[in-house]
Structure formats: C-alpha cells, structure tokens
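Let's take a walk through this model together, one chain at a time. Please keep the viewer open as you read.

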Amino acid sequence: MDVFLPRSLEEALAMKAERPEAVPLAGGTDLMVELNFGRLRPPAIIDLTRAAELATHRQEDGHVFLGAGVTYAAIVNELPGFKPLVQASRSVGSPQIRHRGTVGGNLGTASPAGDALPVLAAYDAEVVLRSQARGERSMPWHAFLMGPKKTAIAPDELIVGARWARIRGPGSFSKIGTRNAMVIAVAGLCLVIDEDHRRVNVALGSVGPTIIRATPAEEQISSAMASSGAWQDPSTAVSEQVIDEFAELVASAARPLDDVRGTAAYRRHGCRVLARRSLAWALSERRLPTWL
Amino acid sequence: MGAQRAKVADVVVRTRVNGEWREAEVWPGASLLAFLREQLGLFGSKNACEQGECGSCSVWLDGALVCSCLVLAAQANDREVRTVEGLTDAGRLHPVQEAFVEAGAVQCGFCTPGFVVAVADLLEKDASPSPATVREALSGNICRCTGYAKILDAVNLAAARLLERT
C-alpha cells in the first residue's frame with residue numbers, strides 16, 4: 001500500500017492520473033472505518049487534506065462554490081447564510097466527526113444517508129469534477145449519484161466541489177434518528193422555497209437507493225400556492241388539505257427499505273411528518289422573512 | 001491482518017506530539033491512534049470502536065478535536081498532535097483531570113481520557129458553557145458505565161476552577 005501526500009490539487013490530480021486505482025482520503029470518517037476493520041486494502045491512498053484549494057468556498061455571480069474539502073465544522077462557522085446546509089452539517093456525527101468530515105466525502109461515498117446530499121439536491125447543485133487529462137467538468141447531482149455508493153466519477157478524476165445558484169427563500173433540513181448526535185438518518189428531508197422561481201424543492205435522504213426529489217409534491221404545493229395567491233402574499237393561509245396532500249405526496253415519493261435502523265413503513269411515515277413540519281416552518285418564515 | 005501488514009512496506013511518519021517531534025515507521029494503512037499507541041507508546045488515547053462512534057481516542061490535530069482512529073497516521077505527518085498525556089504540566093494534573101477525580105466522574109475509566117480531552121477542548125473555547133452546550137460538546141464521547149451525571153458534575157467543577165484562576 002502506497003500513501004501519497006500531495007500539497008496541492010494539481011499534484012493530487014497528477015497522482016490520480018498515474019495511479020487511477022488510488023483511493024482519495026479526506027476526513028477519513030468513511031474510509032478509515034473500512035481500513036480499521038480490514039474490509040478495504042486499497043493499493044494506494046491519496047490524502048487530500050493538504051490541497052488547500054479544496055478547502056475553500058466562494059460566492060460569485062449569484063452562484064456558490066463549496067470545495068470538496070470544506071468540513072462540516074467550517075460550514076457551520078463560515079456559511080451561516082445557508083441555513084439548510086448548516087442544519088444538515090450540524091446534524092452530522094459529533095464535534096470530532098464534524099472537524100474532519102467533508103461534503104466531498106459525502107459525495108464520494110454516495111451513501112443515501114449522507115446528510116449534505118438532500119441539501120445539495122434541493123439546491124439543484126452540480127458536482128464539479130477534475131482530471132489532469134480533461135480538466136474540469138460538472139454534472140447535476142442526480143447524474144453524479146447513480147445509486148447506493150455508486151457515482152459517475154471517472155477513475156482519474158477527483159471531486160473538486162459542488163456549485164449551485166443561490167436560492168432566495170426560507171428552507172430547512174431535518175432528519176429522524178434515535179439521538180440528536182451520532183445518528184445515521186432513518187429519514188432526512190430538505191425543503192427549500194425558491195421565491196424568485198416560485199417553486200418549492202423537496203429532497204429526501206435515507207429512504208431510497210439514492211437521494212430522491214419529491215417532484216409531484218413540489219409541483220402540487222407550488223401550484224397550490226400560485227392559485228391561492230400565496231406567492232404574492234405570504235400572509236395567505238395554505239389550507240390543511242393542501243398540506244395533507246403535500247405530505248402524502250412526499251411520503252409516496254420515498255422508496256424505502258426495511259433495515260436495522262428502521263422499517264420501510266416507519267421511514268415513509270417519517271417523510272410525511274418531516275414534510276409537514278418543514279413546510280409549516282418555511283411558510284411561517286415567509287411571513288417573518290428573516291431570510292431576506 | 002498481521003501477515004498482511006508484514007508484506008507491505010512501512011511509511012515513515014514524523015509528527016509533533018505534545019510539543020516534541022516524534023518519528024516512526026508505520027503500516028501505511030495505520031490510523032493515528034495505532035501510531036500513537038503502538039509506535040510511540042502513548043496509551044492514553046484508547047482504542048475501542050475504531051469507527052468514530054465512541055470518542056475514546058480523541059486528540060487534537062492542529063488544534064481541532066478529532067477521533068484519532070479516523071485519521072490516517074500519514075495524514076498527521078508534519079502536523080501537530082496533542083494527546084491526553086500533553087494535558088499534565090510537570091506531573092501536575094490538568095484542572096479537568098482534577099475535577100474528574102474529585103467529582104467521581106470515573107467508573108471503569110476507559111472512556112475517561114477521551115472525555116477529559118473533549119472537556120478541555122470545550123472549556124478552552126467556552127469558559128462557562130450552558131448545560132446544552134456541554135451535552136453537545138460531549139455528544140461524540142460514550143461512557144458505557146453510564147456515568148454521565150458525574151461527568152457533567154466534573155465539567156461544572158472544572159469550569160468553575162478555571163474561571164477562578166483567570
């Protein structure tokens with residue numbers, strides 16, 4: 001086993017080009033477990049924690065770029081304007097885990113339970129990849145996340161980060177688990193209201209082979225708010241019936257399985273509850289627009 | 001796993017541990033925890049879950065509280081590590097350690113070094129944390145004797161002592 005310690009992204013990409021079988025290592029919260037338990041013996045490891053370019057984030061032209069190496073602790077401290085992302089980051093593991101775990105790791109591992117992933121999906125984020133041979137490319141999150149622990153990354157590529165158009169409006173991330181800390185979500189949901197495009201985006205985690213957007217629910221609530229005039233006037237009440245339908249459509253978008261953390265029926269019900277709560281939070285936030 | 005380890009060449013890792021540069025050869029896939037315990041003979045950081053769940057191996061890496069079982073030893077090359085052993089000052093216990101002794105916050109003692117490090121980290125950042133902040137800060141540390149009440153007493157005692165000193 002070889003270990004490479006590149007000092008920049010450029011060096012890391014050169015190593016990945018030469019040794020495409022090398023496994024990238026960032027915070028180690030997934031990969032080190034595999035190594036510690038003897039489940040993985042990669043021929044080579046490339047440490048990405050010295051590539052300073054990966055640990056940056058910036059906002060330009062209404063877009064946000066979040067480097068793959070930005071830790072959950074850094075997101076909580078440095079990106080308070082992105083509430084759903086901060087809430088998801090805050091819910092990851094423990095302080096120790098948040099000091100190491102990165103968004104790039106969530107993307108690379110591609111577990112349906114990755115807490116940052118429903119947020120990136122609700123933001124309609126693109127995943128930015130780079131190789132030495134072909135330079136940079138990006139693809140929508142849903143093209144990148146192909147299935148459980150399966151991504152569209154090429155063997156010579158590294159994940160550089162995620163990019164999305166900044167959305168103006170309230171939103172939240174919430175999840176269900178047995179504790180407030182150290183929890184792998186039984187169900188996770190991110191809801192984002194896009195005031196400019198008059199859309200509600202809802203993404204689900206841990207309730208299917210990959211992250212799921214609840215498209216029929218999004219369309220139902222967006223058009224119900226249009227016909228009631230709620231988009232123009234946030235004080236317009238959204239009826240209980242509309243909220244019930246919305247929660248039902250979110251629940252039916254889930255494709256959950258029974259496993260050690262919960263039954264499919266419980267997960268589906270969890271989606272229903274999270275959908276109702278997060279819609280209520282967002283609608284009340286629209287009336288008190290603290291997000292402005 | 002031992003035979004497999006013997007087959008691959010070791011890497012040399014050089015890390016500043018508790019203020020002193022230390023260097024040793026280690027299996028390339030070894031964790032920082034294994035490096036500290038098996039190569040450097042620092043047995044304070046405990047090896048329990050090896051998956052970041054229990055916090056018994058908590059150390060500071062470049063000032064950040066981390067689980068040393070989830071850091072590849074090579075990742076700590078040229079970096080600064082502080083362990084529970086680094087808390088004592090000329091043989092004198094750190095105020096957090098004293099508070100754990102006085103409050104009876106130790107049952108079997110296995111989780112204690114991890115808790116001590118996590119509490120010291122918390123009190124360095126927040127001298128008088130709220131109860132919720134304390135619980136949150138210690139959420140990555142598990143005590144299977146379930147002695148949490150005494151541990152929380154020790155945090156309050158340590159916080160009060162440290163405040164008196166300043």
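Two strands count as paired if DSSP finds at least two bridges between them. With that in mind, please remember that this is a predicted model.

Strand β6 of chain A (residues 126–131) and strand β10 of chain A (residues 157–165) pair in the antiparallel sense, over six bridges.

## The three-stranded sheet of chain A

Chain A also has an open sheet of three strands, where the order is β1-β3-β2 and the pairing is parallel. Its edge strands are β1 (2–4) and β2 (23–25) of chain A, and each pairs on one side only. Here the twist averages 25° from one strand to the next.

Look at how β2(A) meets β3 of chain A (residues 44–47): the two pair in the parallel sense over three bridges. Within this pairing, Val23(A) stands opposite Ile45(A) in β3(A).

## Domains of chain A

Chain A is divided into domain 1, covering 1–46, and domain 2, covering 171–287. How far apart do the C-alpha centres of domain 1 and domain 2 of chain A lie? The separation is 37 Å.

## A hairpin in chain B

Turning to chain B, strands β1 (residues 11–17) and β2 (residues 20–26) run antiparallel and are joined by seven bridges. Thr15(B) stands opposite Arg22(B) in β2(B). β1(B) and β2(B) form a hairpin with two residues between them. In the turn, Asn18(B) has a positive phi of about 50°.

Helix α4 of chain B takes in residues 112–125. At 1.5 Å a residue, its 14 residues should span 20 Å, and this agrees with the 20 Å between its end C-alpha atoms.

## Asp153 of chain B

Helix α6 of chain B is where you will find Asp153(B). A residue is buried if 20 or more other C-beta atoms lie within 10 Å of its own, and exposed if 12 or fewer do. Asp153(B) has 17 other C-beta atoms within 10 Å, so it is partly exposed.

Leaving aside residues up to four places away in sequence, Asp153(B) touches Ala103(B) and Ala105(B). Gly19(B) is 134 residues from Asp153(B) along the chain, and their C-alpha atoms are separated by 31 Å.

## Where the chains meet

Finally, 27 residues of chain B are in contact with 26 residues of chain A. On the side of chain B that touches chain A, the largest share, four residues, comes from β4(B). The residues of that side divide into 14 nonpolar, 11 polar and two charged.

Note on methods
Residues numbered from 1 in each chain as written. Chains lettered and ligands numbered in written order. Predicted model: local features only at pLDDT ≥ 70, side-chain atom pairs only at ≥ 80, totals over all residues. Axes fitted to C-alpha atoms, helices over the stretch in contact; angles between N-to-C directions. Expected span 1.5 Å × (residues − 1). Domains from an automatic or database assignment. Contact = placed C-beta atoms within 7 Å. Nonpolar A, V, L, I, M, F, W, Y, C, P; charged D, E, K, R; others polar.
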